[in-house]
Amino acid sequence: MLEIKNLNKSYQMGDSSLHVLKGIDLHADSGEMVAIMGSSGSGKSTLLNIIGILDEADSGDYVLDGVEIKNLNEKKAANYRNQFLGFVFQSFNLINYKNAMENVALPLYYQGLKRKERQEKAMFHLEKVGLADWAKHLPSELSGGQKQRVAIARALASQPKLLLADEPTGALDTATSHDIMQFLQQLNDEGKTILLVTHEEDIAKMCKRIVRLRDGIIIEDEYIKQVRL
Amino acid sequence: MFDLDLWREIFQSISKNKLRTLLSGGTVIFAIMLFAILFGLANGLQNTFNEGMGGDAENTMFINSGRTSKAGSGNQADRKIQFDNELLSTLKNEFKDDIEFITARVNKNVTASYKGEKNNYSLRAVNPDHQFIEKSELISGRFINQRDLNLSTKVIVIGRLVKEDLFKTSKVLGEYIALNNIQYKVVGVYQDIGDDNEERIIYMPLTTAQRIYGNNDFIDQINLTYNLDMGLDNAIALGNKIEDRIKKIFNIEKSDQRAVRLDNRASDASQINQFNSVLAILVLIIGLGTLIAGIVGISNIMIFIVKERTKEIGIRKALGARPSSIQAIILIESVLITSISGYVGLLLGIGILEAYGPSLDKYFITDPSVSTFLVAMATVALIIAGFIAAYVPAQRASRIKPIIALRDE
């Protein structure tokens, strides 16, 4: 599913350059639920961005579902993001003037689906996250947990191979966090591959595998006993 | 290809961000409204000047005689200059390449009576060419012709208002009207678009008037039109040449301003043309300026919009939006706002012109208006302007990196 070899990435900070990822090797199979952990500045978000084709590595190989991700132009990158990946962000990143259903339907619009088909699929996924009744509500009318559910429904709508979650519970209280994590576990049970970045130990323990980063290298990579919710 | 979904996206973005739309639209509305009003007023000013030319052919020259103001060639000052038939034929022959039409005029006042109806009118005795110089349009019958002149026939051509005054019936042609107790046969009725007074004039053959009212070959005034293709500068030169020639014939000092007066429409026209072209250039400059100001304004707002929507654009890109689709959203939104609000501004401007135009007569502005052609041109210009205004912002938007846009602030 995911094959990363000797991945390097540095950022230019004025005169000095900041080496963020120093040779990352990572392999993930289909159906895994991986937590990437590390303190801030460890490079975990950069890694997730490169996996999400939002950013490009300086060197190293990255193969996603058998497709090599390298030297993509913007258009190709957009197509791959649309086909392969679903994003869930800490701050939800819903479009504020679109209602829940329209937000979920947006990736389908970029897939070129017809309006009716988009709406049907969007409603299906909203139902899946339990928010069918809230379809016509704007994000500002939803609670944090509901917003994240809409975001998850949106990430699922394009039926991605890989779900990427960047601190999905970072802006939520404990009860809502567990709620969201439970739902992600359920998705994983259905076979969805999930990659999750977090700095919270208890959230990481709800995944099946923890990859720990420090200063741009993987210091630990272990399969754990998943804490079920 | 028409993409309904793209338009839906754009309409949603416009209608959900009313203030933003209003701000960008407002500047364009105002700019175009001002331009339309300005253009209309300039048009009105031009109309006033053109109207001042009256209903005569625009290439006319009038030549009048007076008394000499200077002594010379053995003559004393204050000598009366009298034009005659010989002068007319001299001018006709010597300037035949440059002159289109030429006619003499003898002016009299007459009392006309027909079956008990009686009224005073101006009488003009003329050559056949007069019809084309004065732009008289015949409603019925014919104008004075060369045969009338040769035979000094007692025929007249009357104006539309003369006919309405004197005739109760519709039959006019072939009837006889008495002018100062001499009977003349009516052979034609004419109208003149220029003004009503021109329709209260009675025309008769030059030779007839000369025989009946003085038994001489005197002429009061000579009117002529020059060939239009010679251009204004040559026409002004021609006027001077004719004036010099007449002064030579009558032994008038060249510097004498009063003995011969040549009124050349070409000099007026050249002044008005100059004025009009200066006005046109001014309007063009101001118009272009307004348009450029509008483009800069919209461009500014679009840059702001792109900045404001950076995060949204980042989200869209993360969800798989191609750069071209981001570009299209910004471009079409700008074109839409610019052209619609520009059109509203244009309508407002035209509306204001329509509403207040008629009351501007006293400020030398006649019928201020904007032509359909200009409206069409402006619409096209606005669409192009909207495109130009949004081009750079759209490029910038399409290059936004999703990772930067999505970074939490």
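**A helix in chain B, and what surrounds the picture**

A: Helix α8 of chain B (residues 231-249) has 19 residues and spans 27 Å from its first C-alpha to its last, close to the 27 Å expected at 1.5 Å a residue. That expected span is 1.5 Å times one less than the number of residues. Helices here are DSSP runs of H or I with at least four residues, strands are runs of E with at least two, and both are numbered from the N terminus.

A word on the source: this is a predicted model, in which local features need pLDDT of at least 70, side-chain atom pairs count only at pLDDT 80 or more, and totals for chains, interfaces and linings use all residues. Residues are numbered from 1 along each chain as its sequence is written, while chains are lettered from A and ligands numbered from 1 in the order in which they are written.

Back to the helix. The buried residues of α8(B) are B:Ala235, B:Leu238, B:Gly239, B:Ile242, B:Ile246 and B:Lys247. An α-helix has 3.6 residues a turn, so residues three or four places apart point the same way. The cover over the buried residues of α8(B) includes β1 (60-65), α3 (85-94), β11 (221-226), β12 (260-264) and α9 (265-308) of chain B. After α8(B) comes B:Asn251, with a positive phi near 55 degrees.

Still in chain B, have a look at strand β6 (residues 155-159), where five of the five residues are buried. On one side of β6(B) sit B:Val155, B:Val157 and B:Gly159, on the other B:Ile156 and B:Ile158, and both faces are covered. Two strands pair if DSSP finds at least two bridges between them. β6(B) pairs with β8(B) (residues 182-191) in the parallel sense over five bridges, with B:Val155 opposite B:Lys185. With β9(B) (residues 201-205), β6(B) pairs in the antiparallel sense over two bridges, and B:Ile158 has B:Ile202 as its bridge partner there.

Chain A has a strand to set beside this. Five of the five residues of β3(A) (residues 33-37) are buried, so this strand is largely enclosed by the rest of the structure. A:Met33, A:Ala35 and A:Met37 point one way from β3(A), and A:Val34 and A:Ile36 the other way. Five bridges link β3(A) in parallel to β8(A) (residues 193-198), where A:Thr198 stands opposite A:Met37.

Finally, where do the chains meet? In all, 17 residues of chain B are in contact with 22 residues of chain A, contact meaning C-beta atoms, placed from the backbone, within 7 Å. On the chain B side, α1 (4-16), α10 (310-318) and α13 (402-406) give two or more residues each. The largest share, four residues, comes from α10(B).

Note on methods: Buried ≥ 20, exposed ≤ 12 C-beta atoms within 10 Å, placed from the backbone. Contact = placed C-beta atoms within 7 Å.
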